[in-house]
Amino acid sequence: MLIQEKIEIGSCFTQQELTLLYQKSATNKAVQKAYNLLSYRSHSRKELYTKLCRTFDSDCAVAACDRMEDMGLVNDEEYCKAKAEYLITVKKCSLGETRLKLLTLGINKDIIECCIESYSEDTQAENLLHLLQTKYRTKLAEPQKVIAALMRKGYRYGEICAALKSLDIETEDENQWL
């Protein structure tokens with residue numbers, strides 16, 4: 001910073017010049033913090049901005065986010081694709097739950113819809129069957145509780161009943177959730 005600004009020992013500054021130097025220094029620190037955060041994992045722009053605002057003022061955080069975007073280190077579209085892939089294929093989340101989680105990360109609705117449209121209802125049905133055969137396998141004796149839990153995770157009642165029927169599990173009251 002001192003070499004970039006060509007500051008020498010004994011230099012005198014006005015209050016305006018000191019304020020400008022302080023702002024540049026704070027922005028450089030925010031950029032370094034952004035590099036550090038991005039070295040651990042990818043972030044959406046909003047997520048990075050929020051983390052930087054814990055330590056730096058809004059102007060420095062915006063400048064650091066802009067710089068990361070200019071360098072291609074922050075890309076909401078790529079981040080959304082990767083996160084959706086992880087949530088749907090690894091975590092077995094429903095498409096609705098995936099949308100909600102991506103929205104909370106600050107990703108634009110249009111970007112989310114573009115990323116999620118590549119996943120079909122068949123993928124969601126496969127995920128649902130996988131959950132029933134693994135995570136909820138021991139709880140299938142009480143199908144109503146399983147249905148309630150899966151509905152809280154964003155799966156629709158009709159999809160859940162179809163998956164349970166494919167596993168030859170009967171539900172007590174078909175009209176309860178309608």
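Q: Let's start with R45: how exposed is R45, as a relative accessible area?
A: R45 comes out at 21% relative accessible area, which puts it in the partly exposed class. Keep in mind that this is a predicted model.

Q: Which residue does R45 form a salt bridge with?
A: The partner is D66, and the closest N and O atoms of the two are 2.7 Å apart.

Q: What does that pair tie together?
A: R45 sits in helix α2 (residues 45–53) and D66 in helix α3 (residues 58–70), so the bridge ties together parts that are 21 residues apart in sequence.

Q: And is D66 buried, exposed or partly exposed?
A: D66 is partly exposed, at a relative accessible area of 33%.

Q: Which residues are in the salt-bridge network with R45?
A: D66 and E69 are linked with R45 in that network.

Q: How many salt bridges are there in the whole structure?
A: The search turns up eight. One of them joins K153 and E97, with the closest N and O atoms 3.8 Å apart.

Q: Where do K153 and E97 sit in the chain?
A: K153 is in the loop between α8 (143–152) and α9 (157–166), while E97 belongs to helix α5 (residues 95–104). They are 56 residues apart, so this pair links distant parts of the chain.

Q: Is E97 buried or exposed?
A: Buried: E97 has a relative accessible area of 15%, and the cut-off for buried is under 20%.

Q: Switching to cysteines. How many disulfides are there?
A: The count is zero. Take C53: the nearest cysteine sulfur is that of C65, 7.7 Å away, and a disulfide needs the two sulfurs within 2.5 Å. C53 is partly exposed, with a relative accessible area of 29%.

Q: OK, zooming out. How many helices and strands does the chain have?
A: There are nine helices and zero strands.

Q: What share of the residues is buried?
A: Buried residues account for 37% of the 178 in the chain.

Q: And how much of the contact pattern comes from residues 24 or more positions apart?
A: Among contacts with a separation of 6 or more, 57% are between residues 24 or more positions apart.

Q: How much accessible surface does the chain have?
A: About 11300 Å², with 52% of that belonging to carbon and sulfur atoms.

Q: Tell me about α1. How far does helix α1 reach?
A: Helix α1 covers residues 15–40, which is 26 residues, and reaches 38 Å from its first C-alpha to its last. That is close to the 38 Å expected at 1.5 Å a residue.

Q: Which residues of α1 are buried?
A: They are L21, A26, T27, A30, V31, A34, L37 and L38.

Q: Why would residues a few places apart point the same way?
A: An α-helix has 3.6 residues a turn, so residues three or four places apart point the same way.

Q: What covers the buried residues of α1?
A: The cover includes α2 and α3.

Q: Where is F56 found, and what does F56 touch?
A: F56 is in the loop between α2 and α3. Setting aside residues up to four places away in sequence, F56 touches A26, K29, A30 and K33. F56 is buried, at 15% relative accessible area.

Q: Last one: what is R99 in contact with?
A: Leaving aside neighbours within four places in sequence, R99 contacts I112, E113 and I116. The side chains of R99 and E113 are joined by a polar contact of 2.8 Å. R99 lies in helix α5 and counts as partly exposed at 28% relative accessibility.

Conventions. Residues are numbered from 1 along each chain as its sequence is written. This is a predicted model: local features need pLDDT of at least 70, side-chain atom pairs count only at pLDDT 80 or more; totals for chains, interfaces and linings use all residues. Side-chain values use heavy atoms; hydrogens and water are left out. A salt bridge is a side-chain nitrogen of Lys or Arg within 4 Å of a carboxyl oxygen of Asp or Glu. Helices (H or I, at least four residues) and strands (E, at least two) are DSSP runs, numbered from the N terminus. Buried means under 20% relative accessible area, exposed over 50%, partly exposed in between (1.4 Å probe, protein chains only). Contact means heavy atoms within 4.5 Å. A polar contact is a pair of N or O atoms within 3.5 Å; within protein, one must be able to donate a hydrogen and the other to accept it, and residues adjacent in sequence count only if both atoms are side-chain atoms. Accessible areas come from the Shrake-Rupley method with a 1.4 Å probe; for residues, only the protein chains shown count as cover. The expected span of a helix is 1.5 Å times one less than its number of residues.
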